[in-house]
Amino acid sequence: MLEIKNITVEAKENHQKIIKDLSLTIKNGEIHAIMGPNGTGKSTLSKTIMGHPKYELVDGDIIFNGESISQLTVDERGKRKIFLAMQDPTEIEGVTNSEFIKTSIQEISGERINYFNFIKEIEDSVENLNFNKEMIHRSLNKGFSGGEKKKNEVLQIKMLKPKFIILDELDSGLDVDSLKIVCDNICQYIEKYPETSILIITHYPRILKYLHPNYVHIMKDGKIIKTGDISLALETEKVGYNSINEVNERKAYE
Amino acid sequence: MNKIMLKEKKEITLSENEEKELYLLTTEDISLIIHLNKNSHLNIYHYHINKNANIEINLDGENALVTYHFSTINYSSHKINISMNHKALNTSSYLYNHGVNVENQELIFDVVGKILKNISGCICNQENQIINLQDGKSTILPKLEIDNYDIVSTHSAYIGKFKEDILFYLMSRGLSLKKANELLMKGLLINQGSIDKEEVIKFQKEIESI
């Protein structure tokens, strides 16, 4: 379970407050979605959970499975099986996809991998994602299309088996067919590991129709202003964020 | 392609129409002179540990081609001089010159591509990178001395640390800073070399020990 308790987050560069007194609790097996206009702090929230060095938690705490992770380094959070599928995955020349995934598995588990099982699993996952097999031997995300980068993030989810997944605009850069494929893969993952929690960050309800969130939150100016179910996402798409009135989020949970 | 051994040699000459792929690991100060005759092709992976180097490549014959992957790990202060001399028509050189400056010491790449006035139809490219793991002082002098208009030439130079967003991406998948740096150094320094080669295996071990 992830508990975000009254966090305030600043950009280290200019001390600008981006997230203001935000609280959110995501229980095991729950799927939450956060929607909101550009520049409202959604991606900052995802990077703060992951411990990005550009952001500073100036108040509040983030608890994962009963342990405060606010002071942990990025890799320590990764080792606790928190996973951020990034909006724009970084391209890294010279580091092959397979070497990277293999090293990550070993670092997280602390054990050497069984090569036979690794190759079988990665090949099956690649096939399920309708992903070109060549991609696993190429430099990490280098020269990948937007859709291929997103599929590569989901490939890593399947291989690293996180317990808490943040999908930061997974739907951007994906055509309708690819979006269905990656969502089908995520649904299969949840079915296999039902305790997994997911936080979806998106602008559009399309991805939510596939992943069926338990809660949808509207975020504005660094705060959650309203919480509901998927109908809130559909309403927002119709009327826009400016027409959404603020409601006490606890009341919405009830 | 054939493989030649030259750990003790300071000079390599490729004869006319000869093609070679060469792996070289050097751990002492080295002065290396290469001559490429007409239509010869050399693809060289040169791994160098913590010493000075003077490397002179002479494209002596028409249509000679060299692809030079030079990688160095630096712990104390050193200078690497590389001179790419196009002395015949239609010669081509591609230099990938990479270094990691581990300690707070000085690493200098002085790299020059030379094309004389009467030598046309050449390609002369150089790409230089030095990664400072700490706060060492690194310098790249990427020079092109070209006296002919009918050539294609590029040069680039980057000095800095591994980018924060790249480290964040790797570490978010559970890799420690040390392991993330190690992966990135291997990517930079192995420089497309085959990981089956003895020289590469030894150089990888050196990277892992950093």
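Student: Which residues line the largest cavity?
Tutor: This is a predicted model, in which local features need pLDDT of at least 70, side-chain atom pairs count only at pLDDT 80 or more, and totals for chains, interfaces and linings use all residues. Residues are numbered from 1 along each chain as its sequence is written, chains are lettered from A and ligands numbered from 1 in the order written, and side-chain values use heavy atoms, without hydrogens and water. A cavity is a set of points on a 1 Å grid over the protein atoms alone where a 1.4 Å probe fits but cannot get out, and lining residues have an atom within 4 Å of a point. For the largest cavity, these residues are Gly78(A), Lys81(A), Ile82(A), Phe83(A), Ile108(A), Leu160(A), Lys161(A), Pro162(A), Ser172(B) and Arg173(B).

Student: What volume does the largest cavity have?
Tutor: Two cavities of 30 Å³ or more are counted. The lining of the largest cavity has five nonpolar, two polar and three charged residues (Ala, Val, Leu, Ile, Met, Phe, Trp, Tyr, Cys and Pro are nonpolar, Asp, Glu, Lys and Arg charged, the others, Gly among them, polar). Its volume, the space filled by probe spheres set on grid points joined across faces, edges and corners, is about 60 Å³.

Student: Which element gives the most residues to the lining of the largest pocket?
Tutor: A pocket is an open set with protein on both sides within 12 Å along at least five of seven lines, and the largest pocket has a volume of about 980 Å³. Elements that each supply at least two lining residues are β7 (92-96) and α3 (97-109) of chain A, with β8 (92-101), β10 (122-132) and α2 (177-190) of chain B; helices (H or I, at least four residues) and strands (E, at least two) are DSSP runs numbered from the N terminus. With six residues, the element that gives the most is α2(B).

Student: Which lining residues lie nearest the centre of the largest pocket?
Tutor: The lining divides into 12 nonpolar, 13 polar and nine charged residues. There are 34 lining residues, and those nearest the centre are Glu93(A), Gly94(A), Val95(A), Gly187(B) and Leu188(B).

Student: Which residues are linked with Glu91(A) in a network of salt bridges?
Tutor: A salt bridge is a side-chain nitrogen of Lys or Arg within 4 Å of a carboxyl oxygen of Asp or Glu, and 22 are found over all chains. Glu91(A) pairs with Lys142(A) at 3.9 Å, N to O, and with Lys149(A) at 3.0 Å. Glu93(A) also meets Lys142(A), at 3.7 Å. Besides Glu91(A), the network holds Asp88(A), Glu93(A), Lys142(A) and Lys149(A).

Student: Is Lys149(A) buried or exposed?
Tutor: Buried means under 20% relative accessible area, exposed over 50%, and partly exposed in between (1.4 Å probe, protein chains only). Glu91(A), at 32%, is partly exposed, as is Lys142(A) at 35%, while Glu93(A), at 54%, is exposed. Lys149(A) has a value of 11%, so Lys149(A) is buried.

Student: Why do the buried residues of helix α8 of chain A lie on the same side?
Tutor: In α8(A), residues 230-239, the buried residues are Leu232(A), Ala233(A) and Thr236(A). On the other side, Glu237(A) and Lys238(A) are exposed.

Student: What covers the buried residues of α8(A)?
Tutor: Just after this helix, Gly240(A) takes a positive phi of about 85 degrees. The cover of the buried residues includes, from chain A, β3 (31-35), α7 (206-211), β11 (215-220) and β12 (223-228).

Student: Which residues is Ser104(A) in contact with, leaving aside its neighbours within four places in sequence?
Tutor: Ser104(A) lies in helix α3 of chain A and is buried at 1% relative accessibility. Contact means heavy atoms within 4.5 Å. Beyond those neighbours, Ser104(A) is in contact with Leu160(A), Arg173(B) and Leu175(B).

Student: How far apart in space are Asp177(A) and Lys220(A)?
Tutor: Asp177(A) is in helix α6 (residues 176-192) of chain A and is exposed, with a relative accessible area of 57%. Asp177(A) and Lys220(A) are 43 residues apart in sequence, and their C-alpha to C-alpha distance is 31 Å.
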